[in-house]
Amino acid sequence: MGKVHIIDHPLIQHKITYIRDKNTGTKEFRELVDEVATLMAFEITRDMPLKEIEVETPVSKATSKVLAGKKIGIVPILRAGIGMVDGILKLIPAAKVGHVGLYRDPETLLPVEYYLKLPSDIQDRFFIIVDPMLATGGTAVEAIHSLKKRGAKQMKLMCLIAAPEGIKAIQDAHPDVDIYVAGVDERLNEKGYIVPGLGDAGDRLFGTK
């Protein structure tokens with residue numbers, strides 16, 4: 001079963017409060033999401049493998065550590081996931097960015113993939129899938145499935161806020177994928193919104209209604 005990591009660092013919790021606030025405007029909301037994504041990236045990369053190399057300092061030779069193993073890919077779920085990408089790239093500028101777009105079929109209510117663009121070396125990358133909200137989990141489940149179908153072997157899901165229903169959906173469908181969130185809220189309402197949540201992340205990021 002994939003683990004749920006709740007990142008409760010004081011700086012993250014402070015910023016999440018203002019992300020939730022309905023009075024926070026688009027510019028501030030966008031900046032806060034960017035900052036939280038950077039802070040969360042520290043935690044999601046905590047267990048990345050290292051190897052030792054030798055370098056020459058101004059004083060002497062030193063044995064020191066660098067990242068080893070898989071390269072990193074960031075995959076935002078369109079469109080709100082885009083708001084978290086730059087924050088992660090500040091820490092991992094060499095990461096490649098893919099995109100996955102999904103919409104919910106009004107008849108079946110199931111997610112349908114309409115866009116997918118991934119790095120060519122999929123099997124060699126560790127992917128961070130990002131979306132601010134994990135509500136029903138349907139979109140994230142399908143996004144992970146889309147990556148696996150194309151050969152992705154290792155990935156984690158990073159969201160700002162999750163509902164218990166969304167977490168269960170990921171754990172049931174993809175027990176090999178860990179979930180990183182800044183908060184787990186009470187429930188979903190009848191419209192599928194997280195309560196108390198933060199509203200529609202895409203609308204608040206891009207100033208749409």
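Is Ser-146 buried or exposed? Select Ser-146 to find out: its relative accessibility is 0%, so Ser-146 counts as buried (buried means under 20% relative accessible area, exposed over 50%, partly exposed in between, with a 1.4 Å probe and protein chains only).

Before going on, keep in mind that this is a predicted model, where local features need pLDDT of at least 70, side-chain atom pairs count only at pLDDT 80 or more, and totals for chains, interfaces and linings use all residues. Residues are numbered from 1 along each chain as its sequence is written, and side-chain values use heavy atoms, with hydrogens and water left out.

Stay on Ser-146, which sits in helix 4, residues 138-149 (helices are DSSP runs of H or I with at least four residues, strands are E runs of at least two, both numbered from the N terminus). Leu-116 is 30 residues away along the chain, yet its C-alpha atom is 8.2 Å from that of Ser-146.

Next, jump to Gly-199. You'll find Gly-199 in the loop between strand 13 (194-195) and helix 6 (201-206). Its relative accessibility is 34%, so Gly-199 counts as partly exposed.

Last stop: Ala-201, in helix 6. With a relative accessible area of 5%, Ala-201 is buried. Not counting residues up to four places away in sequence, Ala-201 touches Phe-29, Ala-80, Pro-132 and Met-133.

Methods. Contact means heavy atoms within 4.5 Å.
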